[in-house]
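Hello,

Here is the structure I promised to hand over. Please open it first, then read on for what was found.

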Amino acid sequence: MGQVEQQGREAVDRPGRSPRTAYGAGHFAKSLAWTFTDLLLAYYVNVRVGLPAHETGLLLFLSMAYGAVLDPIVAYLLRGAEGSRRQILRIQFLAGLVTAAALVAVFLPRDQGASAFLHLVLALGLLRTGYAVYDVAQNALVSLLPADDADAHRYVVLRQTLSAVARICIAALSFLIVDKGAPSGREVLLAGAIGLMIVATASWILAYSGSAREGSARGAAVGLRLPKGAPRLLLAAAVHAGPFNMTARMLAFVDRGGPRDHTGASLIFALVLGTLIGPILIGRFREDVQRPWATMAYTTLGVAAGAAFLAAPRSGVPALLACAAYGVSLGATLTMFWRGMSAAIREHARLTGERTDLAAFATLTAALKLAGAVFGGAVGLALDGFRAGHATTSLALGLVMAIGGACFVMLIAPVGRRPAPRRV
């Protein structure tokens, strides 16, 4: 082990000085902002603002596609900070301020019509711009802050667990929003509270930038070079965020009628509760997550559970159980994926002496957002048929999800095989 890595371990292990807690708080706040828009933006735009289904789908596509394009550009512009914890934390703080302000702007009350669509396009553009820098910097810390591989595993499990906790919080808050009879203005209040959390946590972890050791003595890779195995992982991320996750995008639109119906919010809550259980299971069975059979088992669970939901989305308790199982699958498989990416980056740094944290995670988030853009736009195509209960629409959604699950297994399982021990 090199001197710099040993110093990093000492900084992490020192009581009261661990940046892992501050990192976790920052990731929780960032996840709240992402989940708030990911789960509720479509409902807010379609039901609250009153945009038709095709404009809702177009808005989601434009927003996510723009964010996907930004991520590699941001990584390229920030490549001079590669491997420097101090610079990345300062960049993250400034981007967090922009993200917090833009999040509030998105949910400001407005009149319906063409002006509402334009306002949302501009506000979401600002949000995606700030969030792209904020997200790229935060994600780089997953491989930059850990002192060794064991610590990296703890960071990944912490990241995915807190992501799930954030989704649970938003799912609980969705009962205040996914309600046709609820007064307007609640969304901007919640967005303001999340924005304050972003500012507070970004300020907290910024305190480590002055005294923190540099995470690595190695230099940044030239351009946007990626670690070995990254293309396969990027494709796996795209199919996970796109087709495999397609069914989850429809939950908010399930209702049984009536002004105080909370069916959609209940289904969302069941799903995100499952996404919390998934990372916890992975954390308890650390050795098994490296085996292909575990990836196949969790993915099969997701396809079966998603199909059960689509067969009877208004069945009450059975639909809730199906959504919870689907969430377990999504949370577990995503944790496997992030562990694989973190391991690939760290292994590349050991073998070549290059840090690729920013480039790898920026390209990753670009793949996630681009897939989300394409399949978020597809929500507009399937929304009316799903609401009407058309069997052909449910069958099409199920096929898309099953194909996505099969592709994910083929792409991620080879990466999950346990590598032979290396001498470093």
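**Cavities**

The largest cavity holds about 910 Å³ of space. A cavity here is a set of points, on a 1 Å grid over the protein atoms alone, where a 1.4 Å probe fits but cannot get out. Its volume is the space filled by probe spheres set on the points, with grid points joined across faces, edges and corners. Lining residues have an atom within 4 Å of a point. For the largest cavity there are 43 of them, and W34, D38, R167, N245 and L334 are the closest to its centre.

Before more detail, two notes on the source. This is a predicted model, in which local features need pLDDT of at least 70 and side-chain atom pairs count only at pLDDT 80 or more, while totals for chains, interfaces and linings use all residues. Residues are numbered from 1 along each chain as its sequence is written, and side-chain values use heavy atoms, with hydrogens and water left out.

Which helices line the largest cavity with at least two residues each? They are α2 (19–49), α3 (53–77), α5 (114–144), α6 (149–173), α8 (230–241), α9 (263–284), α11 (317–352) and α12 (357–387). Helices are DSSP runs (H or I, at least four residues), numbered from the N terminus. The most comes from α2, with eleven residues. By class, the lining has 21 nonpolar, 14 polar and eight charged residues. Nonpolar covers Ala, Val, Leu, Ile, Met, Phe, Trp, Tyr, Cys and Pro; charged covers Asp, Glu, Lys and Arg; the others, Gly among them, are polar.

The count comes to two cavities of 30 Å³ or more.

**An aromatic pair**

The whole structure has six aromatic pairs. Rings of Phe, Tyr and Trp (its six-membered ring) pair if their centres lie within 6.5 Å; planes under 30 degrees apart are stacked, over 60 edge-to-face, and the rest tilted. W34 and Y131 form a stacked pair, 5.5 Å centre to centre with 25 degrees between the planes. W34 is in helix α2 and Y131 in helix α5, so the pair ties together parts 97 residues apart in sequence. Are these two residues buried or exposed? W34 is partly exposed, at 24% relative accessible area. Y131 is buried, at 5%. The cut-offs are under 20% for buried, over 50% for exposed and partly exposed in between (1.4 Å probe, protein chains only).

**Helices**

α12 has 31 residues, and 23 of them are buried. It reaches 42 Å from first C-alpha to last, close to the 45 Å expected at 1.5 Å a residue. That expected span is 1.5 Å times one less than the number of residues. α12 has a kink of about 45 degrees centred on L381. The bend at a residue is the angle between axes fitted to the seven residues ending there and the seven starting there. After α12 comes G389, with a positive phi near 75 degrees.

In α8, the buried residues are A230, L233, L234, A236, A237, V239, H240 and A241. The C-alpha of L233 is 6.9 Å from that of L411, 178 residues away along the chain. L411 sits in helix α13 (residues 391–416).

Best wishes

Notes: On a 1 Å grid over the protein atoms alone, a cavity is a set of points where a 1.4 Å probe fits but cannot get out, and a pocket is an open set with protein on both sides within 12 Å along at least five of seven lines; lining residues have an atom within 4 Å of a point.
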